[in-house]
Amino acid sequence: MGSLNKTTAVWRAILFVVLIYSGYVVVSAVIVKQATGILKITASPKSADISISADNHNASFVGKGSARVRIAPGTYYLFVTDSGRLTYETVKTSKKQVTSVTLDLSKITGTPSVDKVNFKNMGSLIDHGISSDQIKSIEAYIFQYKRTAKNVVVDPNSIQRLPPDPASGEFTVNFNVKIDGSTYNAKLSYSDIEAVRLYLYNSTGGAQVFDSQTPVSQTSE
Amino acid sequence: MEGMDIRKLGIRAGILATLLVVALLARYLVLGNTTLVRLKPDYSLAGQVSQSLGVNGSGSLWVSGRDYAIDERYFDNNDWVIVSINPTNKHTFQAALEVYQKINGSYRLELGPGEVFSSDQVANVAADVAAYLSFNGAVYGQPQ
């Protein structure tokens, strides 16, 4: 009888431990899901190494060719390397959002720079009140959005300058820009001839893909 | 009696295994097919330096402090940084330089990693950064 009670007590203790552990596994998964976002990275070629880091943090190797990671909200540096070639992108993640990034190493020759991007028709913005300093900033922002960009073409016929906002005095200029074959609706916002803020939106669907204050490319999880 | 005990034991083991499987399955359903990444605090540019050096022979990234030491020199109100990377073990990789520029609050790799750079490459960096690189023999050729 005493032996039976002892066996039952041991069984209950083991069951209790397993229940606690199972609960921990499920609850921690829910907490992680609530506190993180998903970063989907696709690299070309498939043999390319993908790594991720952040300011004041170390780096972590996350996979070859593609990776799907959960990570806390923040700004991260994605690096793709293969056979001595390197490309990278800064990406911002948010809670419960899926951020997708594609990095193509096969198009990279040497270190990318804004000077290597072929900008066309940027001068047409001058006719609509944009200064040459602002154009330099716009070029830098487009390069920031897509460091692998080769050809950037502004459609001169699409440029529209709206009347200044009476409350803030801010000017707005809208135009279409083609970045390596993909068309974006761009919006410039500025209140003087030096600073300018660039927004980029997908021409299909109108989703915002870039803000020169906070670069983003996100969809709902 | 003994047969009943063994049967009871089997049922209990089955219950425990089922609980564990259900918990792990629930975790997979909640998190999906993802890997959780947690980055550890380190020197300001250590992460990007490790990434730029690429993956080592064992399939992982070089680690600052363990595999290499870095020396950061800041220019133009911290807008530019030259990072000297020195391997702890000279047989792993060659010492290298990298140049970073601060854009919208975060540093971006502009040049390197490399021991020397062409004058055309250096033409894109700030004048004092270029001068420092040139003074240290890290620039070759005439700008076009």
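## Chain B and its contacts over distance

In chain B, residues 24 or more positions apart account for 31% of the contacts with a separation of 6 or more, a contact being heavy atoms within 4.5 Å. This is a predicted model, so local features need pLDDT of at least 70, side-chain atom pairs count only at pLDDT 80 or more, and totals for chains, interfaces and linings use all residues. Residues are numbered from 1 along each chain as its sequence is written, chains are lettered from A and ligands numbered from 1 in the order in which they are written, and side-chain values use heavy atoms, with hydrogens and water left out.

Chain B has four helices and seven strands; helices (H or I, at least four residues) and strands (E, at least two) are DSSP runs, numbered from the N terminus. Walk along the sequence and you get α-β-α-β-β-β-β-β-α-α-β. Of its 144 residues, 38% are buried, where buried means under 20% relative accessible area, exposed over 50% and partly exposed in between (1.4 Å probe, protein chains only).

Strands S2 (residues 68-75) and S3 (residues 80-87) of chain B pair antiparallel over eight bridges; two strands pair if DSSP finds at least two bridges between them. Across from Ile70(B) sits Ile85(B) in S3(B). The hairpin has four residues between these strands, and Asp76(B) takes a positive phi near 50° there.

Why is helix H2 (residues 46-53) of chain B described as largely enclosed by the rest of the structure? Eight of its eight residues are buried, so the rest of the structure largely encloses H2(B). Among them are Val49(B) and Leu53(B), along with Gln48(B) and Gln51(B). Just after this helix, Gly54(B) takes a positive phi of about 85°.

## Chain A on its own

Chain A comes to two helices and 15 strands. Buried residues make up 42% of its 221 residues. For contacts in chain A between residues at least 6 apart in sequence, 50% join residues at least 24 apart.

With 3% relative accessibility, Thr93(A) counts as buried. Its side chain reaches the backbone oxygen of Ala72(A) at 3.2 Å.

## Where the two chains meet

At the interface, 49 residues of chain A contact 44 residues of chain B. The area buried between the chains is about 4100 Å², with carbon and sulfur atoms giving 60%; buried area is the accessible area (1.4 Å probe) that two parts lose on being put together, summed over both. On the chain A side, Trp11(A), Asn58(A) and Arg70(A) lose the most area to chain B, together 15% of what that side buries. Polar contacts do turn up, in 15 residue pairs with both at pLDDT 80 or more. A polar contact is a pair of N or O atoms within 3.5 Å; within protein, one must be able to donate a hydrogen and the other to accept it, and residues adjacent in sequence count only if both atoms are side-chain atoms.

Elements giving two or more residues to the chain A side include helix H1 (2-35), strand S4 (66-71) and helix H2 (132-145) of chain A. H1(A) supplies the largest share, 15 residues. There's a strand link between the chains too: two bridges join S4(A) to strand S1 (residues 35-36) of chain B, running parallel. In that pairing, Arg70(A) has Leu36(B) as its bridge partner in S1(B).
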